Amino acid sequence: LERLLSIQHLKSLGMGLEEIARALDDPGFDAGEALARHAALVEGRIAAEQDLLDRLRRLQAASGSWEEVLDTIALTERLRHPDAWVRFRAALDSPTSAPLDELLETLRYEPAPGVREVLTWAIVQHGAPALDAVVVGLADPDPEVRHQMAHVAGKMADPRAVPGLVGLLADEPEVAAKAAFSLGQIGGPDAIAALVGSLGVGGSVLRATIVTALGGLGALAVEPLLGRLGARSAAVRADAAEALGALGDPRAVPGLAGLLADTEEDVRITALMSLGAIGGDAAARAIGGVTGTPGRTGALARRLAAT
């Protein structure tokens, strides 16, 4: 009776009869290892059941009749198909028919860049509900998901995503660069303020992305950038000067001309390049004033003046 009771207890843990026999008869049987193995199996079953539950909930939210349920199942199966071309066509052909949660979940694990891009486009078609989900995704524990959600947010170009993207500027380098790029796509005062405040910070890729983003934001970015030409950091001064050159606004000429006497040669060189990019009489006079300067600064100024 005691052995039968022990067998019953071990069966309740999911152990088979053969393993139970070894557990009861083999003095060297490792109980801890067996329990760990069964715990892993149970965790796998729980994850599978949770996945099924999530899928049922998505179908419940997206469907009305059984015909709609079957159509949605067929579409989601195509989104999970092993062939990338099938997944691509599924997202492209039915962007708003596919449940938003299914699209987001597929995007989360999609390995093919082309499929990720069309999934991004399909998510954007869902409008405001998609934005809410994307903003939540910006805080996902997985950096790859944060990177992808930042990409989607940029495509949506909705100012409501700006606070979440600003929080990613201090993230891992690739995530931070993608957030900066997306802020440039969205634009507006808050995005400009965040990008200008991040000038000179991080590695070369992030700095270049911030400069490029600001260079595409037009007249609204000029005044904030001019205010950074006097920053204590040479990296900030140089990046602000480069962004002003990309904007090509004549209002930046006096500030850039002032940097031609900067203590850092890299800042002087960047200011010269930006003045050359802006052009005009005022920029030419500023460049001509330093053609006699020794070193790289004078050499570049003479070359710019000659052109």
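## Largest pocket

Helix 9 (143–156) contributes the most residues, 5, to the lining of the largest pocket. This is a predicted model, in which local features need pLDDT of at least 70 and side-chain atom pairs count only at pLDDT 80 or more, while totals for chains, interfaces and linings use all residues. Residues are numbered from 1 along each chain as its sequence is written, and side-chain values use heavy atoms, with hydrogens and water left out.

The volume of the largest pocket is about 260 Å³. Of its 15 lining residues, Pro143, Glu144, Val145, His147 and Gln148 are the closest to the centre. Helix 6 (100–109) and helix 11 (173–186), like helix 9, each supply at least two lining residues. By class, the lining holds 7 nonpolar, 2 polar and 6 charged residues.

A pocket is an open set of points on a 1 Å grid over the protein atoms alone, where a 1.4 Å probe fits, with protein on both sides within 12 Å along at least five of seven lines; lining residues have an atom within 4 Å of a point. Helices are DSSP runs (H or I, at least four residues) numbered from the N terminus.

## Second largest pocket

The second largest pocket has a volume of about 190 Å³. Helix 6 gives the most to this lining, with 4 residues; helix 8 (128–137) and helix 9 each supply at least two. The lining includes Arg108, Asp140 and Val145, and its classes are 5 nonpolar, 1 polar and 4 charged.

## Salt bridges

The structure holds 13 salt bridges (a side-chain nitrogen of Lys or Arg within 4 Å of a carboxyl oxygen of Asp or Glu). In one of them, the closest N and O atoms of Arg108 and Asp140 are 3.0 Å apart. Arg108 lies in helix 6 and Asp140 in the loop between helix 8 and helix 9, so the pair ties together parts 32 residues apart in sequence. Arg108 is partly exposed at 34% relative accessible area, whereas Asp140 is buried at 12%. Buried means under 20% relative accessible area, exposed over 50%, and partly exposed in between (1.4 Å probe, protein chains only).

Arg207 pairs with Asp239 in a salt bridge, with closest N and O atoms 2.8 Å apart. The pair links helix 13 (204–215) to helix 15 (residues 234–247), and so ties together parts 32 residues apart in sequence. Arg207 counts as partly exposed at 25% relative accessibility, and Asp239 as buried at 5%.

Notes: Grid points are joined across faces, edges and corners, and a volume is the space filled by probe spheres set on the points. Ala, Val, Leu, Ile, Met, Phe, Trp, Tyr, Cys and Pro count as nonpolar, Asp, Glu, Lys and Arg as charged, and the others, Gly among them, as polar. Contact means heavy atoms within 4.5 Å.
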